[in-house]
Amino acid sequence: MYSAAAAASPPRRDFISVTLSPEEAVGAGGYNNSKAWRRRSCWRKWKQLSRLQRSVILFLFAFLAVCGVISYTSMGEPWKSLTNKSLDDQRTEPGIPGLKLANPAVLPAPQKADANLGDYPELSPQKLPKPSHVRRGPSNLQIKPPRRDVRLKTRHGTSRVVEELVQADKEEKTEKSVISWRGAVIEPDQSTEPPSSKIKEPEKPSSVEDVDQKEPVPINERQMAVIEAFRHAWKGYKDFAWGHDELKPLSKSYSEWFGLGLTLIDALDTMWILGLKEEFEEARKWVANDLVFDKNVDVNLFESTIRILGGLLSTYHLSGDSLFLEKAKEIGNRLMPAFKTPSKIPYSDVNIGRGTAHPPRWTSDSTVAEVTSIQLEFRELSRLTGDEKFQKAVDEVMKHVHTLSGKNDGLVPMFINTNSGQFTHLGVYTLGARADSYYEYLLKQWIQGGKKENELLEDYMRAIEGVKKHLLKRSQPKKLTFVGELAHGHFSAKMDHLVCFLPGTLALGAHNGLTADHMKLAEALIETCYQMYAQVETGLSPEIVHFNLHAQKGHKDVEIKPADRHNLLRPETVESLFYMYRFTGDKKYQDWGWEILQNFNKYTRVPTGGYTSINNVQNPSNPEPRDKMESFFLGETLKYMFLLFSDDIDLINLDKYVFNTEAHPLPIWAPA
C-alpha cells in the first residue's frame with residue numbers, strides 16, 4: 001500500500017509561489033519604487049552606519065564645498081578683470097591712446113555725506129549737501145598712474161581698499177601690512193614703488209563743454225560778491241597792466257618780475273571756475289599769441305613752477321584746451337637746467353632763454369621750501385607728456401631730503417646747499433617762510449600718487465609730531481593755540497601768516513584717513529588764524545604776529561611789531577577756511593571768510609580798478625596802500641573765497657583734485 005501511494009503522488013517542486021494584491025502589498029509596507037519609500041530606505045541605511053563612518057562622510061562633503069568656493073574665487077577675479085578691461089577698451093576715447101573715461105565729461109552725483117561711514121568710523125567724507133544740479137568746474141577725469149599691477153577701489157571720501165590682480169597662491173607673498181602711526185591707520189597700495197617707475201602715453205582730459213548741461217549750479221549772493229571783486233581787480237589789470245606781471249593800481253601802471261604775465265596766467269583757472277568765459281577767452285588769446293618763453297630773463301624756479309607751470313596744467317585739465325599743455329611742456333623743459341647741480345638739489349634761478357641756472361648771488365644755498373614744493377607740477381607734467389625726466393628730477397630731491405640728517409623730530413632747517421646737498425643754518429625750525437610748503441607737499445604728493453609712497457607719509461606724520469612737541473604753544477588771555485619757531489633751542493612766539501596754511505593741510509590729511517587729532521588741531525589753529533584778523537583794527541591780518549605767553553592787563557593775545565604790520569592780500573587763512581567748511585559744513589567758517597572779504601573791500605579796494613597791499617593794518621583811517629596787487633590775489637585768495645562760499649562739493653571735488661601751493665587744482669591719479 002505505501003509504495004503504491006508514493007508512486008502515484010505528484011513530482012516535488014523546489015520553490016513556493018505567493019500571490020498578493022497591490023493593496024495588500026502597499027498596506028504591508030512592501031517596495032513600490034516611490035520617492036517616499038526610497039527616502040525611508042536611505043535614512044535606514046544612514047542610521048545603520050557607525051558614528052565614525054557618518055563623520056567621515058560629512059567631513060568629505062564639507063571639504064569639497066570649501067574647495068569649490070576657493071576655486072570660484074580664484075577664477076572669478078581674473079575673469080572679472082578681463083571683463084572690466086574689455087569694457088574699458090570699448091570706452092577708450094577715440095584717437096587718444098591710453099585715455100579711458102568713465103562717462104566722458106559727465107560728473108557722477110556725489111554720495112551722501114554719511115555713505116559707508118559706518119564701515120570707516122575714523123574717516124570723514126566731505127560734509128556739504130549733495131547738489132541737485134550739474135556743478136560748474138572741471139570734467140570728471142579718470143587719471144591713470146603709471147603702474148598697472150594693482151587696482152584700488154575707492155569709497156567716496158572715505159578710504160581706498162587694495163585688491164591685487166594676481167592668483168590666489170601669490171596673494172600671501174605680496175600682501176603688506178597697513179601703516180600705523182600714533183593712531184592713524186592707512187591701507188597703502190600693495191606697491192611701494194613711486195609712480196615714476198613707468199610713464200604712460202600722454203592723456204587728454206575732456207572738456208565740460210562737451211556734455212549736455214543741466215541747469216547750472218545756482219550762484220549765491222556771497223559768490224556773486226567774489227565775482228564782482230574779481231571783475232573789479234581784472235578791470236584794473238586789463239586797463240593798466242595787460243600782459244605784464246603785476247598791477248600797480250594806484251599809479252595805474254605795472255611792475256615786472258619775470259615779464260611773463262604772471263597775474264594773467266595765475267588767474268586763468270580762477271576765471272574758469274568762476275564761470276567768466278568772456279574774460280577767459282580774452283586771456284587765452286594772449287597766451288596763444290603773446291606768451292613767449294624764449295627770452296633772456298632769469299626766473300625763480302619755485303615761483304615759475306607753482307604759478308606758471310601749475311597754472312597752465314590746471315587750466316588744461318579744466319578746459320581740455322591743448323594750448324595750455326603745450327605751453328606747460330615748453331616752460332617745463334626750460335626750467336630743467338636748474339637740476340644740473342653736483343647734488344641734484346636744484347638752483348634757485350634759471351635763465352629760460354639761455355638754458356643756464358645759478359644760485360642767488362649771495363649764497364650757494366636754496367631754501368628747503370623752494371626745492372621741495374615743485375613736485376606736484378613736475379610729476380603731473382611727466383604723466384601727461386610721457387617724459388619721465390621731469391618726475392625723476394623732483395623725486396630725486398625728495399628721496400635725498402628724506403635721508404638727510406639735521407632734522408629735529410621731522411622738522412627741517414630752512415636752507416640746503418646745492419653743492420653738498422646738506423642742510424645749512426642748522427638749529428632753526430619754522431613752518432613759516434622758507435620751510436612752509438615742504439610739509440604741505442609731503443601730504444599732497446602722497447595723495448596725488450594714490451597714497452602709495454609711504455616715505456612721504458612717514459615724513460609728514462613725523463613732522464606733525466615734531467610741531468606738537470617743539471612749536472605748539474597757547475597764548476594769553478584767550479589760550480589760542482599757535483605755531484611758533486625754534487632757534488637753537490630757544491622758542492619764539494612768532495607766527496607768520498603763511499603758517500595759516502596748516503589748518504587746511506591738517507584737515508585734508510584727516511579727511512584722507514589720518515589720525516583724528518589732526519582735525520582737532522586744525523580746528524584750534526583756524527580759530528587762531530581768524531583771531532589774527534579779528535583782533536586787528538582793520539580786521540585784516542598782518543604778515544607776522546607775536547603771541548603773548550603771559551597774561552598782561554590791557555593786552556590782547558596778538559602783538560604786532562611795526563615792521564610786520566603790512567598785509568599782502570594773502571590767501572592762507574581763506575584757504576584753510578575753505579577746507580574746514582568743506583569737511584565740517586560749519587557755517588561759521590563761511591561767516592569768517594565773509595568778514596575778511598568785506599574788509600578787503602573796505603581797506604584795499606582801489607576805485608579805478610584793482611586791489612592794493614597795505615602797509616599798516618592797525619590804522620583804519622590810513623592803512624598806507626603799497627600800490628601793488630600780487631598775482632596770488634586773483635590766483636588764490638579770490639578763488640578760495642568763491643569755493644568757500646559754495647555748497648557744491650563737486651566744485652573742485654577734493655577726492656578728485658589736489659591743490660598746489662598756488663591754489664591750482666591738479667588731478668589725483670586714479671587707480672589703474
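Let me begin with the disulfide (a pair of cysteine sulfur atoms within 2.5 Å) that joins Cys500 to Cys529, with an S to S distance of 2.1 Å. A search of the whole structure finds one disulfide. Cys500 sits in the loop between strand S18 (494-496) and helix H16 (502-511), while Cys529 belongs to helix H17 (residues 517-534), so the pair ties together parts that are 29 residues apart in sequence; helices (H or I, at least four residues) and strands (E, at least two) are DSSP runs, numbered from the N terminus. The torsion about the S-S bond is about -105°, and the disulfide is therefore left-handed. Both Cys500 and Cys529 are buried, which means under 20% relative accessible area, where exposed is over 50% and partly exposed is in between, with a 1.4 Å probe and protein chains only.

A word on the source: this is a predicted model, in which local features need pLDDT of at least 70 and side-chain atom pairs count only at pLDDT 80 or more, whereas totals for chains, interfaces and linings use all residues. Residues are numbered from 1 along each chain as its sequence is written, and side-chain values use heavy atoms, with hydrogens and water left out.

Now to helix H6. At the N-terminal end, Asn220 caps H6, with a side-chain oxygen 3.2 Å from the backbone nitrogen of Arg222. The buried residues of H6 include Phe230, Trp234 and Tyr237.

Conventions. Polar contact = N/O pair within 3.5 Å; in protein donor to acceptor, adjacent residues only side chain to side chain.
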